[in-house]
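Reader: Could you walk me through this one? I'd like to begin with the ligand and then move on to the charged pairs.

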Amino acid sequence: MTSALHFLVVANVTRTNLNSWRAQRHGDPLPGSLDFLVQEAQALESAAIDGVFLTDTLFFGDRGTWPYRVTDDFDPFTLAAALAMATNRIGLVVTGSTTFEAPYTLARQVLSLDHVSAGRAGWNIVTTWAAEAADNFRADGLPEHDERYRQAQEAVDVIRALWDSLEDDAVVADHARGVFTDPAKIHVADHHGTYYDVRGPLGARRSRQGRPVLFQAGSSGAGVAFAARNAEVVFTMQGDASAGAAFRDRVRSEAHAAGRTSAPLVTPQLSFVLGSTDEEAERTDEYIGGLFVPELQIAKLQEVDIDLEGLHPDAPMPALPESTQKNQSALQRYRQIAQTPGMTVGAFLARTASGFGTRVVGTPERLADLIEEWHSVGAADGFVLAPNLPGQAAVFAQEVLPILRERGLFRHDYEGETLREHFGLEYPEHPAAGR
Ligand SMILES: Cc1cc2nc3c(=O)[nH]c(=O)nc-3n(C[C@H](O)[C@H](O)[C@H](O)COP(=O)(O)O)c2cc1C
């Protein structure tokens, strides 16, 4: 029996709330530092959380945000390898961009992490939405939105083929003959497509979980189609449970139409501020509000073409752009938040500074109730937790998980060894198996 619910946690709190490093307490590691991530991963592992998630955008934010950001923009694969050595069971989900990284490199990095961690790696497939990221890789800018997904599809096809370079029993390690691998069981991708020419093979066997677990977050038409075809776990941002249920239905029916036998799991993003009473949680939220720097948020919103520069905080929200070539899903969520009755520029900046997914401020019971409700109406197979303050992920583990366990919704301990087993996903047989 696999756990009814699954949780990933954005390990680096300074990614979900850029101001959160200001809450560092004397003697605690700087939020976002390697020491912080190790502490976080170990605490979450002791609560049997499915995995930690390392986000990555491949650029250091809009220029206006630079003074306010923690300089912790490290390569997620390197961090995850360090975390693999500091933990034993928790999954490690890294972000890698198909728009800017070569499939051979990505395939090799993710599979290496899967081996280093003994089958705990997941890959968050991103197409990257920021023009500033493109400026770090090429002179001709960001490819158009749907084109990025076409390229991603070809990249994923190549990467899967590279991961299957060796059949499960390819290694014979025959000391007498000096033969390590049976050449009949080594496959070359020999791929020649629109975007890539990749021969292969990859000189590494499949991992303990067969292949790394594939995660993806697309909410546009092209994004959902891609997720339905490829993802094993889908990230999303949804405003409420009924929108979440409609989204999950859509992903599942598109996956079914694409010929998949098992539908991907859907895990919406959820941020929260917990307190032992609602009042205490609200006080903590006010404290978070006090850490907020308006100039930083104005600059950050430029990243999705929202320009609030020079507007008075008490002014009503202006109309926002209807679409962007950048992150369409983020813009749509911002548009929903902007349409809240009475929303002013200042309130909008403060609200969006701590994420734009669903957000709960209240007691552990209140958060557990929301989680149960989303699960029971078919909106979520689990959540990507995006804590807003250092220490809040640990409070979630200590206070919310016991309630969910009591309700039979979350495991007491890990029931498997690999990330795939934590999520209850099938072992992917090698395409040559049974032939
Ligand atoms: C929970 C979650 C995590 C994400 N993490 C990243 C990330 O680390 N790097 C990135 O470039 N995009 C990230 N994204 C953005 C998605 O990859 C994607 O660009 C976004 O959902 C827009 O997709 P769409 O244009 O198909 O709507 C994330 C989205 C969600 C919901």
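Ligand site and salt bridges

Author: An oxygen atom of the ligand lies 2.6 Å from an N or O atom in the side chain of Ser220; please keep in mind that this is a predicted model.

Reader: How much of the ligand does the protein bury?

Author: The ligand taken alone exposes 630 Å², and 93% of that is buried by the protein.

Reader: Which other residues have a polar atom by a ligand oxygen?

Author: In the side chain of Tyr149, an N or O atom is 2.6 Å from an oxygen atom of the ligand, and a polar backbone atom of Ser219 is 3.3 Å from a ligand oxygen.

Reader: And how many residues surround the ligand?

Author: There are 21 residues around the ligand, and the closest are His145, Tyr149, Ala217, Ser220 and Ser329. By class, the shell divides into seven nonpolar residues, 13 polar ones and one charged.

Reader: Is Arg211 buried or exposed, and what about Asp164?

Author: Arg211 has a relative accessible area of 14% and therefore counts as buried, and Asp164 is buried as well, at 6%. Both also belong to a network of salt bridges that links Asp164, Asp168, Arg206 and Arg211.

Reader: Which residue does Arg420 meet in a salt bridge?

Author: The side chain of Arg420 meets that of Glu232, at 2.7 Å from N to O. Arg420 sits in helix 15 and Glu232 in the loop between helix 7 (221-230) and strand 10, so the pair links distant parts of the chain, 188 residues apart. Arg420 is buried at 3% relative accessibility, and Glu232 is buried with a relative accessible area of 16%.

Reader: What about Glu417?

Author: Glu417 forms a salt bridge with Arg208 (3.7 Å, N to O), and Glu417 is partly exposed, with a relative accessible area of 38%.

Note on methods: Residues numbered from 1 in each chain as written. Predicted model: local features only at pLDDT ≥ 70, side-chain atom pairs only at ≥ 80, totals over all residues. Heavy atoms only, no water. Near = heavy atom within 4 Å. Polar contact = N/O pair within 3.5 Å; in protein donor to acceptor, adjacent residues only side chain to side chain. Areas by Shrake-Rupley, 256 points an atom, 1.4 Å probe, with all protein chains shown as cover. Nonpolar A, V, L, I, M, F, W, Y, C, P; charged D, E, K, R; others polar. Buried < 20%, exposed > 50% of the residue type's maximum accessible area, 1.4 Å probe, protein only. Salt bridge = Lys/Arg side-chain N within 4 Å of Asp/Glu carboxyl O. Helix = DSSP H or I, 4+ residues; strand = E, 2+ residues; numbered from the N terminus.
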